[in-house]
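Subject: Structure handover

Hello,

Here is the structure I said I would pass on. My notes on it follow below.

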Amino acid sequence: MAYWLYKSEPFKFSWDKLKSKGEAGEEWDGVRNYLARNNMRAMEIGDKGFFYHSNEGLEVVGITEVCALSHPDSTAGDDPRWDCVDIRAVCDMPKPVSLKDVKANPKLAKMALVTSMRLSVQPVTEEEWIEVCRMGGLDNPPR
DNA sequence: GCCAACGTTGGC
DNA sequence: GCCAACGTTGGC
């Protein structure tokens, strides 16, 4: 089991929109970055992840899980390079965790959110997972 | 709205 | 295969 973080600009695809998709979830399509794609190829069913709002909000707002393994991205047309997984909403963060809070926490100094700001699908370590969940008010992190 | 960081593209 | 130009991302 691994942990991940997905970034989205809320006016393009928001947390509320993912929640509205329910159990079926949604394709995490449109990613055109090899590292991010490779991260998705490595995902397994049930892998949990943070949902982060970039540009507006700048905070982790919810918990997701992978509900379909990596498959061709339906928005990639004839280009065979791009794959994506499907994810669905698991629960809200009781207290959204802001980028500012993450940066202020020395335990999270090495988090990809800080060091690889522009990567849209990032790996999260178990320590980071537990810490961010704790900050967000989830004392029993989903795993 | 600005600008720095960084990934991608394409000419050589 | 290098590297300059260019485009995009995303925090501020």
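How many residues lie between strand 3 and strand 4 in their hairpin, and which residue in the turn has a positive phi? Five residues lie between the two strands, and asparagine 55 has the positive phi, of about 70°.

Some background first. This is a predicted model, in which local features need pLDDT of at least 70, side-chain atom pairs count only at pLDDT 80 or more, and totals for chains, interfaces and linings use all residues. Residues are numbered from 1 along each chain as its sequence is written, while chains are lettered from A and ligands numbered from 1 in the order in which they are written. Helices (H or I, at least four residues) and strands (E, at least two) are DSSP runs, numbered from the N terminus.

Six strands make up an open sheet with mixed pairing, in the order 2-5-4-3-1-6. Two strands pair if DSSP finds at least two bridges between them. Strand 2 (26-27) and strand 6 are the edge strands, each pairing on one side only.

Strand 3 runs antiparallel to strand 4, joined by six bridges; in strand 4, valine 60 is the bridge partner of tyrosine 52. With strand 1 the pairing of strand 3 is parallel, again over six bridges, and tyrosine 6 stands opposite phenylalanine 51.

A residue is buried if 20 or more other C-beta atoms lie within 10 Å of its own, exposed if 12 or fewer, and partly exposed in between, with C-beta atoms placed from the backbone. Six of the six residues of strand 3 are buried, so strand 3 is largely enclosed by the rest of the structure. Lys48, Phe50 and Tyr52 are buried on one side, and Gly49, Phe51 and His53 on the other.

The core

A nonpolar core is a set of buried Ala, Val, Leu, Ile, Met, Phe, Trp, Tyr and Cys residues joined through C-beta atoms within 7 Å. The largest one has 34 residues, of which Tyr6, Met40, Phe50, Phe51 and Val60 touch the most other members. Strand 5 gives the most to this core, with six residues. Phenylalanine 50 is in contact (C-beta atoms, placed from the backbone, within 7 Å) with Leu5, Val60, Ile63, Val124 and Val132, leaving aside its neighbours within four places in sequence.

Helix 2

Helix 2 (residues 34-41) has the buried residues Ala36, Asn39 and Met40. Seen down the helix axis, these fall within an arc of 100° (taken from the directions from the axis to the C-beta atoms), so they line one face of helix 2. They pack against strand 1 (3-8), strand 4 (59-72), strand 5 (83-98) and strand 6 (121-124). The face turned away from the buried side carries the exposed Tyr34, Asn38 and Arg41.

A loop residue

Lysine 110 sits in the loop between helix 3 (99-104) and helix 4 (112-115). Lysine 110 counts as exposed because it has 11 C-beta neighbours inside 10 Å.

The DNA

Around DNA strand C are Lys7, Ser54, Asn55, Leu58, Leu99, Met117, Arg118 and Ser120, where near means a C-beta atom, placed from the backbone, within 6 Å.

Regards

Notes. Two residues are in contact if their C-beta atoms, placed from the backbone, lie within 7 Å.
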